[in-house]
Amino acid sequence: MPSTKATLAWALSFAPSTFAAAVPVKRATSSVVSGAPVGFASGATGGGDATPVYPTTIADLKKYLTSKDPQVIVIDGQYNFVGSEGTQKEQACNAYQCTPENGGQALLNTVNGCTTATYDVEIDTAAYQGIQVQSHKTLVGKNGATLNVLTPTALPGKGLRLVSVSSIIIQNLKITNLNPEYVWGGDAISLSNTSDVWIDHVETSLTGRQHYSFGVDPNHYVTISNSFVNGATKHSATCDAHTYWGEEMVGTDDSITWFRNYVYKTSGRSPALSGGTLLHAVNNVFEDNAGHLVEGGGAGARGIFEGNVFKDIGTTVDAGFQGKMFGATAGNAGECQTALGRGCEANEFSNASGLDRADTGFFKDFNGFSIVGAGSVQSIRDEVPKGAGATL
Ligand SMILES: *[C@@H]1O[C@H](CO)[C@@H](O)[C@H](O)[C@H]1NC(C)=O
Ligand SMILES: *[C@@H]1O[C@H](CO)[C@@H](O)[C@H](O)[C@H]1NC(C)=O
């Protein structure tokens, strides 16, 4: 076992620029994966170096994702789940200003949330509940063999559920069309009691409920990077073509790096930063928000926001927010040293209210986590919206 020093010298001799970005030495991930995980999920290896499999049907894709074996799964093209499990009858009610017929959503009575008259609706069963992904999986979307045909892999009508699992890598795919008319109709990616999860270059759109839903049971070492939360919808709970259901971060002890994501056309929960979540939100672009971005009623939630661009945002932080937060400015950026081992990058606001919170009492909680490097807002402002989503 070489000493840390010797390993460092070895790494520097081969890849000085990579090492300068503070990437720790890692176990092998499959060569079908582009790049390597950064931030809190730096240790994620997914299916490791298992021989890749190439499912061509939704049945095979499901089989591989739910098997007990480590798998590296490469998908290519569209996997259309809509209608594949039939439909089911549910109760719904009109809980918002507008109904599905005029740009809104109805609320399914899934958790008995209806306080007004309910009526029967028929929903798509496949979208209602995602695929229960098992541990040690890598799922990577690839473009067609013809290089100039850009048809990023999409899963219409099916989300992914990561529950009580560890080491998952999901890269370069789209998840869309999950009963968007109905709240509770379908989450794109839900996580509960997980660890070492890296989600990269994923586009989520037209969800019934959350783009990302973190359950109460803790999710340790999660990184979501280069992903496109596409909130544009014809079915908006806020009746304005923006989705309310962005990222629900409410776990009791979650650690999440939220890096270089493009959060577009939302009106709430972007994120809901609550529970006992520790969040590092860095180099994201938040654009065109019709309501509020950050909300959350949990006093134990903590977040550093640095190097982000906030553009055309109704309200950056909801007045009811109860957690602790640090928004980096040119003036206070140096204080991050004790949390991140480096200074922060300042956030940028354009037609957006500031993120005027500078709590530092929680900085010690970043101890022991891998911290991703940050670029300046100038360097990421145009790049992030272009590169986010299934663009590899
Ligand atoms: C959490 O997941 C682990 C497996 O990773 C399992 O053993 C444990 O029972 C789960 N805990 C809960 C509360 O579901
Ligand atoms: C500023 O942002 C708000 C909220 O997204 C938007 O409605 C408004 O049109 C923006 N104003 C300009 C001048 O772009």
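Tutor: Let's begin with an open sheet of six strands, which follow the order 6-9-12-14-17-20 with parallel pairing. Its edges are strand 6 (131–133) and strand 20 (272–273), and each of these pairs on one side only. Strands here are DSSP runs (E, at least two residues; helices are H or I, at least four), numbered from the N terminus, and two of them pair if DSSP finds at least two bridges between them. This is a predicted model, where local features need pLDDT of at least 70 and side-chain atom pairs count only at pLDDT 80 or more, while totals for chains, interfaces and linings use all residues. Residues are numbered from 1 along each chain as written, chains are lettered from A and ligands numbered from 1 in the order written, and side-chain values use heavy atoms, without hydrogens or water.

Now look inside the sheet. Strand 9 and strand 12 are joined by four bridges in the parallel sense, and Leu-160 stands opposite Ile-189 in strand 12. Strand 9 (160–163) and strand 12 (189–192) are the elements that give two or more residues to its lining. Strand 12 gives the largest share, four residues.

A pocket is found on a 1 Å grid over the protein atoms alone, as an open set of points with protein on both sides within 12 Å along at least five of seven lines; a cavity is a set where a 1.4 Å probe fits but cannot get out, and lining residues have an atom within 4 Å of a point. Grid points are joined across faces, edges and corners, and the volume is the space filled by probe spheres set on them.

Of the 20 lining residues of the largest pocket, Arg-161, Trp-184, Asp-187, Ser-190 and Ser-213 are the closest to its centre. By class, its lining has eight nonpolar, eight polar and four charged residues. Here Ala, Val, Leu, Ile, Met, Phe, Trp, Tyr, Cys and Pro are nonpolar, Asp, Glu, Lys and Arg are charged, and the others, Gly among them, are polar.

There is one cavity of 30 Å³ or more as well, and the largest cavity has a volume of about 40 Å³. Leu-206, Thr-207, His-211, Asn-230, Gly-231, Ala-232, Thr-233, His-235 and Thr-243 line the largest cavity. That lining divides into two nonpolar, seven polar and no charged residues.

A cis peptide bond joins Ser-270 to Pro-271, with omega about 5°. Another backbone detail is at His-201, which has a positive phi of about 55° although it is not a glycine. You will find His-201 in strand 13 (residues 194–207).

Finally, turn to an open sheet of four strands, in the order 5-3-4-11, whose pairing is mixed. Strand 5 (118–124) and strand 11 (182–183) are its edge strands, each pairing on one side only. Strand 3 (residues 87–93) runs antiparallel to strand 5, and seven bridges join them. Gln-91 stands opposite Asp-120 in strand 5.
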